[in-house]
Amino acid sequence: MTETVSCVTIFSYLSMDFETLARLLACEKGDVAFFMIHGGEKMEKKKFYMTTAIAYTSGKPHIGNTYEFVLADAIARYKRSQGYEVFFQTGTDEHGQKIELKAQEAGVSPKEYVDKVAAQVKEIADLMNTSYDHFIRTTDEYHEKQVQKIFKKLYDQGDIYKGYYEGMYCTPCESFFTESQLVDGKCPDCGREVQPAKEEAYFFKMSKYADRLIEHINTHPEFIQPVSRKNEMMNNFLLPGLQDLCVSRTSFKWGIPVDFDPKHVVYVWLDALTNYITGIGYDCDGESTEQFQKNWPADLHLIGKDIIRFHTIYWPIFLMALDLPLPKQVFGHPWLLQGDGKMSKSKGNVIYADELVKMFGVDAVRYFVLHEMPFENDGVITWELLVERLNSDLANTLGNLVNRTISMTNKYFGGKVTDKGVTGDVDADLKAVVFGAAKAVDAKMDGLRVADAITEIFNVFKRCNKYIDETMPWALAKEEAQKDRLETVLFNLISGIEEGARLLSSFMPETAEKILKQTNGGAVTDKPEILFARLDVNEVMEKVEALHPAENSVKEGSAEEDAKEKVIDIEPKAEITFEDFEKMQFQVGEIIACEEVKKSKKLLCSQVKIGSQVKQIVSGIKAHYTPEEMVGKKVMVLVNLKPAKLAGVLSEGMLLCAEDAEGNLALMTPEKEMPAGAEIC
């Protein structure tokens, strides 16, 4: 059932916040946002149905898995703030051979095993303050019943047939592959070992719908995002020709039985993918709920890039066979990697969300995973980088700004300020940044560029900090004649902070709420609350070591061998004198922008802030860092190297790196927070 909002003249109320305006119009806050976005016109309130991939219950999800919950939640919250009626579904995928084996190893039944892991998944989703509307489990009775109906329907209409499968099988991925599809003899999806297998199975006639799917992808460029994922699916799978898909198994029992042939269980992907429709009330017999009629097709499936094939080839074809509309968009986000690669328990590099939250708090972790993940390339997480971001962005840029502004408001005006209208030269630029941010954030979020949206919000806070430096409220306070100007400055600061906080509420909801309660439209609290306390990286790392003492002792078990491997001897160069060394000028630089050098396969061009100067430096590190990873890094720079052109681009210095025996590079960065321009001596 669609909702509408009344058509009234709104322009005189534009200075009010959504809560105040909602009270005047006697409607919900989201309705007001929607109403304002559409220029005060009477329009239907739009639905927005989005899903995450359901988490596989083979074990406790790490922070890379958890990132997807947080990303989806940020999008859902933002859509609600725009007035959309959002339905956000997540859940767990609980069948398959891998689960059966894990349960056997644990000495419990498969159901007991998945009950425990599903509870962990839900606890972590709740811990991260995700606002999902429905949490589905594929062991839910209603889901299993519909999967059986769907399988029978597809069989009866000739899309599924019985045969035999012989090929190479990857147990972790629950997938068969031909020899030609393997990469170096291993699974093309996860890189693990595969085993030869042959069994009776039911197959789905994929080729029957392939041309129709190709046409849909070509005529709906927004369907698969980013574009690189679309190209991969078309060139590697669809255009070469689809093979029929195995959709049942007989070699294990932990799955949904095919009701008309009970020795078969439904192949995990046909089971798992259909959660997106069963969870909102799809019924294969034509008795689907009103909720399904309202919400399908999905507006967004948010998934990891490793399962893009299943969601953009198998899933659309299943839907075509069921005569259902296709989802509007599938977004395959990149991975969040530990510092030394993809997280896995075998590598001993797994980081869990609950551990991070204990150390940094929920919103700090939300900020990091959302801000540090590029749109298309993999992001990197380390404990040290988390500390750096918390100290620089959250404690300094945001927390210190709020603290200073509230403290000055209390000190100079007893905790309450209004706009006295005494403007200065810098006010216009501040207001342009502050009140232009919403439009910029909208544009980024429309393209699902969440990290960029957060950057736009923090530009507001950075501009407010600069405004303090420009107006120097402490100096204005010394002159009675400047009292109204001082009050206007503080009012402008509070307005800027509140606008930034409102925009931030989708990404860091608890922090935004704390800020708005403290600023309160210019009637601030008596004492500012510390939003984020600065942390010492060494103390944090000591706590991290204490989290996993057993793992650390295992790693240290072969210390002698490891030490030998980690030591590198290089050919010594000729000695230099101290006078030679004195000629070289080393300083800390901050990379403020970076891009690829188009004519080169290995060069990146960085803009490096060194004190008050910005130098352009070209480096051969493209194989080791993306431009997005470079921005914001503090690096060691040889400043007085004679300028030279590399691939036609001027380079005015050198970034210093370390290199191991395999040719891996690491930028040299200061151990502690240092300002750009600090001398290295």
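This is a predicted model: local features need pLDDT of at least 70, side-chain atom pairs count only at pLDDT 80 or more; totals for chains, interfaces and linings use all residues.
Two strands count as paired when DSSP finds at least two bridges between them.

**View 1. Strand β19 and its partners β16 and β22.** This view starts with β19, which spans residues 634-638. Five of its five residues are buried, so β19 is largely enclosed by the rest of the structure. Both of its faces are covered. On one side sit K634, M636 and L638, on the other V635 and V637, and all of them are buried. Strand β16 (residues 586-596) runs antiparallel to β19 and is joined to it by five bridges. Look for G589, whose bridge partner in β19 is V635. Strand β22 (residues 654-655) is also antiparallel to β19, and two bridges join them. Here V637 stands opposite L655 of β22.

**View 2. An open sheet of four strands.** Follow the strands in the order β6-β5-β7-β9, with antiparallel pairing. The edges are β6 (175-177) and β9 (245-246), each of which pairs on one side only. To trace one of the pairings, find β5 (residues 160-170), which is linked to β6 by three bridges in the antiparallel sense. M168 is a handy landmark, standing opposite F177 in β6.

**View 3. Helices α3 and α14 packed together.** Helix α3 covers residues 63-81 and helix α14 covers residues 362-371. Their axes lie 9 Å apart and meet at an angle of about 90°. The two helices are therefore roughly perpendicular to each other. From α3, the contact takes in I63, Y67, V70, L71, D73, A74 and R77. Facing them from α14 are V365, R366, V369 and L370. By type, the residues of this contact divide into eight nonpolar, three charged and no polar.

View 4. You will find R534 in the loop between α20 (509-519) and α21 (537-547). Leaving aside residues up to four places away in sequence, R534 touches L390, N391, A395 and E673.

Terms used: Residues are numbered from 1 along each chain as its sequence is written. Side-chain values use heavy atoms; hydrogens and water are left out. Axes are lines fitted to C-alpha atoms, for helices over the stretch in contact, and angles run from 0 to 180 degrees between N-to-C directions. Angles under 35 degrees count as roughly parallel, over 145 as roughly antiparallel, 65 to 115 as roughly perpendicular and the rest as oblique. Contact means heavy atoms within 4.5 Å. Ala, Val, Leu, Ile, Met, Phe, Trp, Tyr, Cys and Pro count as nonpolar, Asp, Glu, Lys and Arg as charged, and the others, Gly among them, as polar. Buried means under 20% relative accessible area, exposed over 50%, partly exposed in between (1.4 Å probe, protein chains only).
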